[in-house]
Amino acid sequence: TGGVCAEMRTPRRFLVLINPQSGKGQALALFNNHVQHMLQEADITYTLQVTEHQNHARELVREADLSQWDAVVIMSGDGLLFEIMNGLMEREDWEKAIQTPLGILPGGSGNALAASIHYYTGSQPLSGEELLVSCGFMLCKGLVSHLDLASVCLASNQRLFSFLSIAWGFVADVDIESEKYRHVGAARFTMGTLVRLTSLRVYKGKLAYLPAEESQAPPSSSSSMSFTDGSNSSLVHPRNLNCQNHHFHNSCNSNNAHKPNWTNEAPVTMRGPPDSLLVPLDQPVPTHWTVVKEEDFVLVMAVYQSHLAEDLIAAPASRLDDGIIHLIYVKAGISRPALLHLFLAMEKGAHLSTNCPFVVYVKVRALRLEPYSPKGIITVDGEVVEYGPVQAQVHGRLARIIAG
Ligand code: ADP
Ligand code: MG
């Protein structure tokens, strides 16, 4: 696992997307000062596109002729990459589009994927501009690895693709409340954590999951080791045989009152691989799933990469394409000092070995979360999504990323 799957040829052409609003609002200057000359020396030509509004990048990659570029690079926080992933998966040719090598340069305040990729190289932890330079070097080397995605289903039938996390409770609240401190950069999460600790509360809901050891790895997208330049077009992907026209019953239906009554009968056309591990949200989870007996939580987070922020290592054992959702939850009853201790330990990824009886860590392939309270915050990759029941499953190696 974690194996490099291809090395790109030189010369290379990148599309670089920059969010001018991300982080301290300096992403463009940081790119010009630290990355531009590196790319030139590596014989990489690029088209620079500064995003003008939210979802601009998503619309752009949904329509773009992707064959023009060897990679699409994001200079922003995780939010802009989330747009790109979903834009690619909304395309008719999603299966090929999502194989486009992606690159990430930390230009935001939440740079969890960039920090994860640097962490997997095994070199000493870096942050800020040093992390940016490290990620710039990885782009120049151009080693392409597989990346797991998760498909996330919401109550309204919406389906999203996620590369990082689902969060509810303390972590989700901190993430969103701290956006107003974006100007302090990555320190916004530490500030947000301290503020939230003073109003610590309990979140009620039902959590269930499919343990990884109980289940086979879900089908991975492809074992091909080829480039995106068309050379893989002759390969037959196993999934093409099973899911020929990509139409299938989706698993996102729920007992939503606004649901048109045909959704259970008519096949809903959705792009992306079928969620073979999930049943519709209005049906009970399969009997071989584990239902958590506690219903009072302080936080629930499901992460597929190591970092939750530049200095928060939520799942130290995670790898780019381990096919695993690392589910970590904290039960109600934990004291404020113990929770603070946990977050301080998480800066080194040591929180799972503190033997805190309120912390549970399991490796899963799929999960379902049903909050009881009518209002609240759920985030996917740090972005707010519709609040309500949510379920997800991992799709191993669905995307590709330039990593160390
Ligand atoms: P940060 O890490 O600072 O939060 P993100 O990359 O996560 O940076 O971006 C924050 C939000 O800004 C995301 O929701 C993204 O979709 C949105 N966004 C992208 N481009 C723009 C833009 N040009 N103007 C405003 N918002 C944008
Ligand atoms: Mg963000």
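How many nonpolar, polar and charged residues does the shell around ligand 1 have? It has two nonpolar, 14 polar and five charged residues. Here Ala, Val, Leu, Ile, Met, Phe, Trp, Tyr, Cys and Pro count as nonpolar, Asp, Glu, Lys and Arg as charged, and the others, Gly among them, as polar.

A word on the model. It is predicted: local features need pLDDT of at least 70, side-chain atom pairs count only at pLDDT 80 or more, and totals for chains, interfaces and linings use all residues. Residues are numbered from 1 along each chain as its sequence is written, while chains are lettered from A and ligands numbered from 1 in the order in which they are written.

Back to the ligand. In total, 21 residues surround ligand 1. To be near, a residue needs its C-beta atom, placed from the backbone, within 6 Å. The closest are Ser 22, Ser 76, Gly 77, Gly 79 and Gly 108. Helix 3, residues 78-89, gives the largest share of the shell: four residues.

Now the whole chain. It has 10 helices and 18 strands. These are DSSP runs, numbered from the N terminus: helices are H or I with at least four residues, strands E with at least two. Of its 404 residues, 48% count as buried. Buried takes 20 or more other C-beta atoms within 10 Å of the residue's own, exposed takes 12 or fewer, and partly exposed is in between, with C-beta atoms placed from the backbone.

Next, the domains. Domain 1 is 4-148, and domain 2 is 154-217 + 283-397. Those bounds come from an automatic or database domain assignment.

Last, two residues to look at. Asn 355 has a positive phi of about 60°, although it is not a glycine. It sits in the loop between helix 10 (336-346) and strand 15 (359-371). Asn 355 counts as exposed because it has 6 C-beta neighbours inside 10 Å. Arg 397 also has a positive phi of about 60° and is not a glycine. Arg 397 is found in strand 18, residues 390-402. Why does Arg 397 count as buried? Because it has 26 C-beta neighbours inside 10 Å.
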